[in-house]
Amino acid sequence: MTDTIFAKIIRRDIPANIVFENGDVLGFVDLNPQAPVHVLFIPKRAIATLDDAAPADAELLGKLLLAAAEYAREQGFAKDGYRTVINTNSHGGQTVYHIHVHLLAGRQMTWPPG
């Protein structure tokens, strides 16, 4: 796996607006927000894509989603609702090959996204 921008954020080699952290997951504000709230949740142990995840990664993947839900509750917008998205590979819109969950909130979400 290449040394991604997310690996550099985990190591604190480059700055990020970190809003959530526990032993397994880091959450930081997206630099190109698509909603009033746009936070990326990444595992501290890199997995390139959802397609690369193995059964042994199930617990870590669950921790990513639970971290997003915890953040939404802590910030007070969980009851209004939010969207979580995992983009996978180029046609899925993935641009950084370190799996991550987008948490989008603060406005009514539509489909298709926009």
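Seven salt bridges are present in the structure, each defined as a side-chain nitrogen of Lys or Arg within 4 Å of a carboxyl oxygen of Asp or Glu. The model is predicted: local features need pLDDT of at least 70, side-chain atom pairs count only at pLDDT 80 or more, and totals for chains, interfaces and linings use all residues. Residues are numbered from 1 along each chain as its sequence is written, and side-chain values use heavy atoms, with hydrogens and water left out.

Select lysine 44 and glutamate 21, whose side chains form a salt bridge at 2.7 Å, N to O. This pair links distant parts of the chain, 23 residues apart: lysine 44 lies in the loop between strand 3 (37-43) and helix 2 (58-75), glutamate 21 in strand 1. Helices (H or I, at least four residues) and strands (E, at least two) are DSSP runs, numbered from the N terminus.

Next, select glutamate 59 and lysine 63, a salt bridge with the closest N and O atoms 3.5 Å apart. Because they are four residues apart in helix 2, about one helical turn separates them.

Proceed to histidine 100, which UniProt lists under "active site" in an unreviewed entry; the position is given in the numbering used here, the feature name is shortened, and the annotation may be inferred rather than shown by experiment. Histidine 100 is located in the loop between strand 4 (83-85) and strand 5 (101-105). Leaving aside neighbours within four places in sequence, its contacts (heavy atoms within 4.5 Å) include Phe6, Leu40 and Val85.
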